[in-house]
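Have the viewer open and follow along.

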Amino acid sequence: MGRKKTDKIVFENISVLDAGAKGVSVAKAPDGKVIFIPNVVPGDVVDIQTFKKKKSYYEGKAIKFHEFSKHRIEPVCSHFGSCGGCKWQNMEYSQQLFYKNQEVYNNLKRIGKVDLPDFEAIAGSEKQFFYRNKMEFSFSNARWMTDAEIQSGEEFDNRNALGFHIPKAWDKILDITHCSLQEDPSNDIRNEIREFANTHDLSFFNPRNHEGLLRTLMIRTASTGEIMVLVQFFEDDKDKRELLLNFLAERFPSITSLQYVVNSKANDTLYDQNIILYKGRDYILEEMEGLKFSINAKSFYQTNSDQAYELYSITRDFAGLTGNELVYDLYTGTGTIAQFVSKKARKVVGVEAVPEAIADAKENAIRNNITNCEFFVGDMKVVFNEEFIATHGKPDVIITDPPRDGMHKDVVEQILKIAPDKVVYVSCNSATQARDLALMDEKYKVTRVRPVDMFPQTHHVENVVLLEKR
Ligand SMILES: C[S@@+](CC[C@H](N)C(=O)[O-])C[C@H]1O[C@@H](n2cnc3c(N)ncnc32)[C@H](O)[C@@H]1O
């Protein structure tokens, strides 16, 4: 589809005003419309060429810089700009926190329209790099070529790549040589797998034709030093598979859990797959405040372990427990928050939709000698009903940590019906959180708010809100 000529306009000497949603910055065109521009920093003054024109906004890119923002810094990563992962690496961390805080504030104000207390200072991450405990990479035999490579005119015979999807391009993989998000030996494992596969003729996946041996790679690390590596194969070739897995086991004895999957389905999600243990244990252990949590290949665990501790500490502090309370932990996942607050509560009841997560939660509670937590499986809007409350008791405090969509309206209604004294609402999407706060405004006022940064270099931000009964 050809582009309309009118879409391509150049605006000169435009000041970048704000860092907007999804990590894209915002400026204003002379006609008053908003322009969304990636890879610039508020305070830059640029010429912008637009590539999309909509009724109320343009999308464009900076083609010339007249002034650089005083908050602009040199990105540490050589893949910055091509890789969509860390869009804010070119902005000082203090500014990243400023814009994250502002996004939460704007959402709660504009969408929630509720009265707000002064925010408590956003909890920044001490580690601004190498903070992730889980990374997933994809193999492809059709590597994404950078502009520089294309312009060089050079022929590239080997286009094998092991890295990340290019934003908005499902079949394009950017080859990653060094990623600053996960601690070593993550980079070594990925790079050595690529090299071994290339020298031993192990084929990389072709996402268009659906062929090739190697499909995805997941690496999970833990503060305990344990490491999980899971290789997803597309073709079922035992000899080649074992060649690679034996190499990995020998070369990286620090891997405590080596697993694989043979997946010839159209999509590469692991959740419906039979995961096979090749060497070691089928889980790794994470530790927090003396509690141990086992994480298997399919488990959800907060991706930034250090900041998960901050998030949970703030949550527990907001809940203000004295030891006498019955607490419900809605959307409990593997029961981490439930167990974290349990020693300050009389009893904690956790509810979660994924049965494997609840099985982990129960196992972890036994491992941690916790006897005052109970866990139940089910879709929240179905399980969290009158009968459930009659059986398990009326909670004094509800902690809720829903997925990005926020809470189902039936769940909000049920909370309003039983009206516990306090609700602590943990959210990874302050827009849906704001919507839910508005629904609860008749009975609850927001008394504490504290955003938490779990993902430095990205625009993502977590937020914890305390609601108290009016
Ligand atoms: C943001 S995570 C929170 C996990 C947990 N609190 C933690 O910190 O590890 C949201 C959880 O909600 C679960 N979930 C999503 N939709 C659900 C539903 N309709 N009913 C119950 N649980 C659901 C997900 O499986 C996920 O474990």
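This is a predicted model: local features need pLDDT of at least 70, side-chain atom pairs count only at pLDDT 80 or more; totals for chains, interfaces and linings use all residues.

## Annotated positions

Let's start with Gln302, which sits in the loop between strand 14 (291–296) and helix 5 (305–319). Helices (H or I, at least four residues) and strands (E, at least two) are DSSP runs here, numbered from the N terminus. Residues are numbered from 1 along each chain as its sequence is written.

Is Gln302 buried or exposed? It counts as buried, because 23 C-beta neighbours lie inside 10 Å. The scale: 20 or more other C-beta atoms within 10 Å means buried, 12 or fewer exposed, and in between partly exposed, with C-beta atoms placed from the backbone. Leaving out residues up to four places away in sequence, Gln302 touches Ala308 and Met454; contact means C-beta atoms, placed from the backbone, within 7 Å.

Glu352 belongs to strand 16 and is buried too, with 26 C-beta neighbours inside 10 Å. Under that sequence cut-off, Glu352 has contacts that include Tyr331, Ala357 and Val377. An unreviewed UniProt entry lists Gln302, Tyr331, Glu352 and Asp401 under "binding site"; such annotations may be inferred rather than shown by experiment.

Seven strands make an open sheet, ordered 17-16-15-18-19-21-20, with mixed pairing (two strands pair if DSSP finds at least two bridges between them). Strand 17 (373–377) and strand 20 (444–452) are the edges: each has a single partner strand, so one side of each lacks a neighbour in the sheet. From one strand to the next, the twist averages 15 degrees. Axes are lines fitted to C-alpha atoms, for helices over the stretch in contact, and angles run from 0 to 180 degrees between N-to-C directions.

Strand 15 (residues 326–330) and strand 18 run parallel, joined by four bridges, and Val327 stands opposite Val397 in strand 18. Helix 7 (residues 355–367) packs on the sheet, touching strand 16 (347–352) and strand 17, and its direction makes about 165 degrees with that of strand 17.

## Helix 10

Which residues of helix 10 are buried? In this helix (residues 409–418), they are Val411, Val412, Gln414 and Ile415. They pack against helix 8 (380–383), strand 18 (397–400), strand 19 (422–427) and helix 11 (430–440). The face turned away from the buried side carries exposed Lys409 and Lys417. Just after helix 10, Ala419 adopts a positive phi of about 40 degrees.

Note on methods. Two residues are in contact if their C-beta atoms, placed from the backbone, lie within 7 Å.
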